[in-house]
Amino acid sequence: MDKRVKFDFEIDFSNGGGIQGQDFRLDIDADDISDEELAEYIVRDMRLLMVGEVRILNKQIIEEKHKRPESKPQWLYHLVPARLGMVTEGPTPEEAETVSRHSAYLQDLTEKGVMILMGRTQNNDENTFGIAIFEAEDEPAAQRIMENDPAVIGGVMTATLYPYKGALMRK
């Protein structure tokens, strides 16, 4: 059984006011968590600013299944234009249509919660490339997502798949 911590908290803000929480529950990976770690987590997860004092009250470690779904493995595919002229001179009508379908495909995956981030460099020379960072159950599923990209199917971009894991992200 997974461990969770159940607790109350009070947070005072340095500019006045405060908030409280009762019977707050949080998934934990160990058998215990310090009050300081809980306080840091709450402030970070709720994106609170100007926090003064944080008090953790009535803390209990309980055995209960985690509520947050485990995240799926992350993947990155690196895209390079198959024809350099597509970015240096401009796309042909066929390339433009394929890139439009590529954009719609990535937009659909974003709306479905699969795609995390995508974009391309803004240089229009031999060093230009794009990336797509997403979640998939396993490598075959990630490979299918990449291979079903209309830009890859249409041959206007080549793609290489890499296992990936984000480490830091600004708030």
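In what order do the 3 strands of the open sheet stand? The order is β2-β1-β3, with antiparallel pairing. The model is predicted: local features need pLDDT of at least 70 and side-chain atom pairs pLDDT 80 or more, while totals for chains, interfaces and linings use all residues. Residues are numbered from 1 along each chain as its sequence is written, and side-chain values use heavy atoms, without hydrogens and water.

**View 1. The sheet and its edges.** Strands (E, at least two residues) and helices (H or I, at least four) are DSSP runs numbered from the N terminus; two strands pair if DSSP finds at least two bridges between them. Because β2 (18-28) and β3 (51-63) each have a single partner strand, one side of each lacks a neighbour in the sheet. Neighbouring strands are turned by 20° against each other on average, direction ignored.

**View 2. Pairing of β1 with β2.** Strand β1 (residues 3-13) runs antiparallel to β2 and is joined to β2 by 9 bridges. D12 is opposite G18 of β2.

**View 3. Helix α1 on the sheet.** Helix α1 (residues 35-45) lies across β1, β2 and β3, at about 115° to β3. Axes are lines fitted to C-alpha atoms, for helices over the stretch in contact, and angles run from 0 to 180 degrees between N-to-C directions; contact means heavy atoms within 4.5 Å.

View 4. L38, A39, Y41 and I42 are buried (under 20% relative accessible area; exposed is over 50%, partly exposed in between; 1.4 Å probe, protein chains only). Their arc around the axis is only 165°, so they are on the same side of α1; the arc is that of the directions from the helix axis to the C-beta atoms. E36 and E40, on the other side, are exposed.
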